[in-house]
Amino acid sequence: MALRIYETMKREELPVLPMDGETLRFYCCGPTVYGPAHIGNFRTFVVQDTFRRVVEMGGIKTLHVRNLTDVDDKTIRRSIEEGKTLTEVTQFWTAKFHKDCAALNTLPPHIEPSAVAHIPQQIAMTETLIAKGHAYASEGSVYFKISSFPNYGKLSHLDTRELQMGAAVDVDEYEKEGVADFVLWKARKPEDGENFWASPWGEGRPGWHLECSAMTREYLGDTFDLHSGGVDLVFPHHENEIAQSECCTGHQMSRLWFHVNHLLVDSKKMSKSLGNLYTLDDLAEKGHTPARVRYVLLSGHYRSPLNFTLSSLDGAKAALEKISKFEKALAARAEITTVPTYADCTAREQAGPFIMAFDALEADLNTPEALGQLFSALNRIKPAQLTPAEAAAAHTGLHFVLQALGLDLALENIAPSAGEAPEDVRALAQQRWEAKQNKDWAAADALRKQADELGWTIKDTKEGFELVAKC
Ligand code: AMP
Ligand code: ZN
């Protein structure tokens with residue numbers, strides 16, 4: 001069985017299979033790096049990560065490209081406000097984004113292109129679009145002529161909505177219910193500061209939508225397997241990407257489109273502009289681990305909005321503790337001390353008694369159903385009544401499903417306060433914790449001593465450990 005997902009354009013469930021029969025080549029619109037990503041953004045990135053895991057664990061290789069939006073209205077505005085260069089701002093927030101992604105146990109994309117590094121490709125696409133009659137220059141800016149592309153709106157089904165054609169716009173985001181010629185290249189303005197590049201139309205900078213069209217083409221070619229983002233990107237961002245790419249290349253851009261619904265707070269989209277957001281750091285301050293956040297983000301199906309509450313993190317904590325206790329009982333019964341890694345999970349048969357949970361993932365990435373199936377297996381299986389071989393199979397199966405969901409029990413056991421210690425000390429504490437799990441007391445003691453010498457005491461807690469600075 002291959003993963004099936006609800007495809008945005010065709011509005012039906014379709015199998016996710018690579019067109020070359022080997023490698024699924026897919027693109028995810030990445031973060032705009034001008035501030036910390038919030039857990040709403042991470043709902044999309046965690047679901048995309050789970051998508052990739054299920055594809056790979058189902059036996060298909062992937063090529064995962066996710067860009068960094070490091071030049072647009074927002075990043076430039078932030079750099080001017082802070083009196084920093086655009087690079088200083090975007091590099092700082094890119095590093096933070098990577099740290100949060102690692103904490104949430106998401107696999108890094110195979111290629112992570114930056115929009116700033118692809119300006120020549122964006123200029124070349126704009127030139128082609130003008131030459132083919134799909135774009136026109138006006139006062140140093142270039143606009144895409146929507147009337148030149150009869151298929152405009154095929155992704156968001158514009159024909160079934162009431163729309164008004166507005167005047168050409170040069171902002172990156174525009175009214176959801178208006179259709180307008182959108183900007184490909186923006187003439188330099190005083191508020192852009194030093195952020196401009198030379199082009200055949202004078203100094204300026206690329207429009208946001210064009211960045212992804214240039215980067216998908218560069219790394220995935222004219223046609224690729226799947227394109228993904230949050231639902232807010234369906235219109236106008238992805239609609240505009242299709243228009244630019246297909247008019248430029250003459251080929252279908254992406255065979256499949258996959259969109260993740262929003263994380264809400266009090267029924268409103270979690271967003272920077274509404275100021276109703278939580279970051280991983282906000283939640284760590286409240287004592288919650290990224291593993292709990294990942295659990296909560298997967299507790300709802302990606303096609304429905306998910307309302308975030310702080311109490312759901314307490315529920316996730318209890319659920320992860322229950323899984324952890326069961327995992328330990330299985331490991332003891334099977335007399336095994338090693339834990340399968342992601343690389344070990346290569347064939348769906350390994351899911352053993354947990355196969356129904358993996359089946360749920362392959363059926364439109366139904367993560368809440370997978371968690372439900374995981375718990376019903378967990379309630380059904382009594383480790384003490386299993387033979388060691390049966391316990392070993394169940395242990396492998398449990399880890400297979402946990403890997404598909406990207407839930408790492410070891411990460412849940414890092415006490416949040418450990419976040420304050422330097423990274424090398426945290427690594428020592430984590431290694432000691434793992435040594436303890438493996439009952440390697442000598443190694444655990446040696447690692448504690450090393451942390452001690454660096455000025456940190458590792459204290460055991462009910463939930464794992466914490467690091468306390470020595471005065
Ligand atoms: P941005 O950093 O704003 O470019 O967004 C990065 C990704 O997060 C995009 O795929 C957005 O669609 C997605 N996103 C933004 N807000 C939310 C939200 N509240 N829930 C789920 N995804 C979101
Ligand atoms: Zn994009």
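Is Lys154 buried, partly exposed or exposed? I found that Lys154 is partly exposed, because its relative accessible area is 26% (buried means under 20%, exposed over 50%, partly exposed in between, with a 1.4 Å probe and protein chains only).

I note that this is a predicted model, in which local features need pLDDT of at least 70 and side-chain atom pairs count only at pLDDT 80 or more, while totals for chains, interfaces and linings use all residues. Residues are numbered from 1 along each chain as its sequence is written, chains are lettered from A and ligands numbered from 1 in the order in which they are written, and side-chain values use heavy atoms, with hydrogens and water left out.

Next I looked up the partner of Lys154, which is Glu246, joined to Lys154 by a salt bridge with the closest N and O atoms 2.9 Å apart (a side-chain nitrogen of Lys or Arg within 4 Å of a carboxyl oxygen of Asp or Glu). Glu246 is buried, at a relative accessible area of 12%.

I then turned to Lys186 and Asp73, whose side chains form a salt bridge at 2.7 Å, N to O, and both residues are buried.

Last, I checked the zinc ion (ligand 2), which is coordinated by Cys29 (SG), Cys212 (SG), His237 (NE2) and Glu241 (OE) at 2.1 to 2.5 Å (donors are N, O and S atoms within 2.8 Å of the metal, or 3.2 Å for Na, K and Ca; water is not among the atoms, so sites may look incomplete).
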